[in-house]
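Hi,

Here is the structure I promised to pass on.

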Amino acid sequence: MNMIDIITKKKFGGELSQEEIDAFVSAAAHNTAPDYQLAALLMAIRLNGMTPEETTRLTLAMTRSGDVADLSAIPGVKVDKHSTGGVGDTATLVVAPLVAACGVPVAKMSGRGLGHTGGTLDKLESIPGMRIDLEEERFIRQVQDIGIAVIGQTGSLAPADKTLYALRDVTATVDSLPLIASSIMSKKLASGADAIVLDVKTGSGAIMHTLEGSIELAQAMVQIGTLARKPVTAVVTGMEQPLGTHVGNALEVKDAIDVLAGRTKGALLDVSLLLGSHMLMLAGRAKTQAEAEALLREALESGRGLEKLRQMITAQGGDARVCDDVRLLPQPAVKKTVRVGRSGWVAGMDTTALGLAAQAMGAGRIRKTDVLDYSVGFVLPVRIGDEVRPEDELCTLFAKSEADAEAAEKAIRAAIRFSDAPVARPPLWYAVVTKDGIVRA
Ligand code: URA
């Protein structure tokens, strides 16, 4: 089948057949078409969309493009969790250890940064020695032994997504409902979990900025899961501002450790408890959200959550001393604290711009081959609705150079709006979508 014919059909908004989608997915999985043709088709899909049937066909073809993991050797219900991506969104590093500490096995395959959003694998790789490329057999053994492993997609799982994900990251084709839904669900179906909790972000830092767009994405993914007979709960959560106060790879690992050590409260912890509760309920470990949250809080307060993270880091070759001394994480050349410089209330943020500021500092990729600087990023203690005074800290920059710090300061200042009147705090979550319908907050 000719790739140019397929690109042309989608360029004019046509519906691709199973055969055409299979040809595209096979070319992506086996690298038999050049990147420029794959990228052209991705852009045509981004601009002209896909019908629900095409999205399902694409997802199933991507799932079948490689192996499907068999996790049956791990006892218990394996529940996976995946975020559509955000800024300062390091919930996996909090939720996965807490859920594992509650006795529910976590066998998770995560992704790298995509566009302005960060990726769990990049964050994990900022831990000295940490390996995320475990073979399937070792991955399964680790989950059997300690109840948790977070690794990269193995070469043989959804290989088409591996190619397309890297291309989308650098061709402005991330924000497409069919491409996001097929990317996430193909990986989740291939990675063999029994049930899936999706964190669908909404707001200025999400891939989908509008609530209705995010709910539509949640529904599309729930529907695909239902067709594949996997229970899926999609929680639509706010991304009007970074989830945690830290943005950047090593900085987000530090943020997660601070939460697990009980030093930090706030949105990162609250959203982690919410997602973790749904994971425990899908796993049958708790009947109600209140019961699930109590189990997670006990794992947090007893230190068993942090201990699970320590065990996982050690098992994957990393230096688990970072859990007790975060200064062992990569440190930047320049640290600079920036003050708010006015009084008023924090009114809003262009969170995508904040993510791009971190990317420009070296925390994310602009080209596929870019090498990340794990130490860079920023800490942003202000939240929407906070009242501020001129001398308050707006952010602390962690940069490679003074020039980078200056550019980041300019970008961050431009991304944050203030008001002279009080501003309401945005909600943490907006809706929960399952096959039974939508429950709005
Ligand atoms: N996460 C993914 O795995 N894929 C996307 O397209 C977006 C977020």
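**What I found**

The side chains of aspartate 80 and lysine 188 are joined by a polar contact of 2.9 Å. By polar contact I mean a pair of N or O atoms within 3.5 Å; within protein, one must be able to donate a hydrogen and the other to accept it, and residues adjacent in sequence count only if both atoms are side-chain atoms. Aspartate 80 belongs to strand S1, and with a relative accessible area of 1% it is buried. Buried here is under 20% relative accessible area, exposed is over 50%, and partly exposed is in between (1.4 Å probe, protein chains only). Helices (H or I, at least four residues) and strands (E, at least two) are DSSP runs, numbered from the N terminus.

Before you go further: this is a predicted model, where local features need pLDDT of at least 70 and side-chain atom pairs count only at pLDDT 80 or more, while totals for chains, interfaces and linings use all residues. Residues are numbered from 1 along each chain as its sequence is written, and side-chain values use heavy atoms, with hydrogens and water left out.

Now the ligand. Which residues are around it? They are His82, Ser83, Thr84, Leu114, Tyr165, Arg168, Ile180, Ser183, Ile184, Lys187 and Ile207, where a residue is near a molecule if one of its heavy atoms lies within 4 Å of it. By class, that shell has five nonpolar, four polar and two charged residues. For the classes, Ala, Val, Leu, Ile, Met, Phe, Trp, Tyr, Cys and Pro count as nonpolar, Asp, Glu, Lys and Arg as charged, and the others, Gly among them, as polar.

Histidine 82 has a side-chain N or O atom 3.1 Å from an oxygen atom of the ligand, and a polar side-chain atom of arginine 168 is 2.8 Å from a ligand oxygen atom. For serine 183, a side-chain N or O atom is 2.7 Å from a nitrogen atom of the ligand. The ligand taken alone exposes 230 Å², and the protein buries 97% of that (Shrake-Rupley method, 1.4 Å probe; for residues, only the protein chains shown count as cover).

Strand S1 (79-83), helix H8 (159-169) and helix H9 (177-190) are the elements that give two or more residues to the shell around the ligand. H9 gives the most, with four residues.

Serine 65 is in the loop between helix H4 (52-63) and S1. At 15% relative accessibility, serine 65 counts as buried, and its side chain reaches the backbone nitrogen of alanine 160 at 3.3 Å.

Two alanines have a positive phi. Alanine 158, in the loop between strand S3 (148-152) and H8, has phi near 40°. Alanine 172, in the loop between H8 and H9, has phi near 55°. Buried or exposed, what are alanine 158 and alanine 172? Alanine 158 counts as buried, at 0% relative accessibility, whereas alanine 172 counts as exposed, at 60%.

Lastly, glycine 113 sits in the loop between strand S2 (106-110) and helix H6 (120-125) and is buried, with a relative accessible area of 12%.

Cheers
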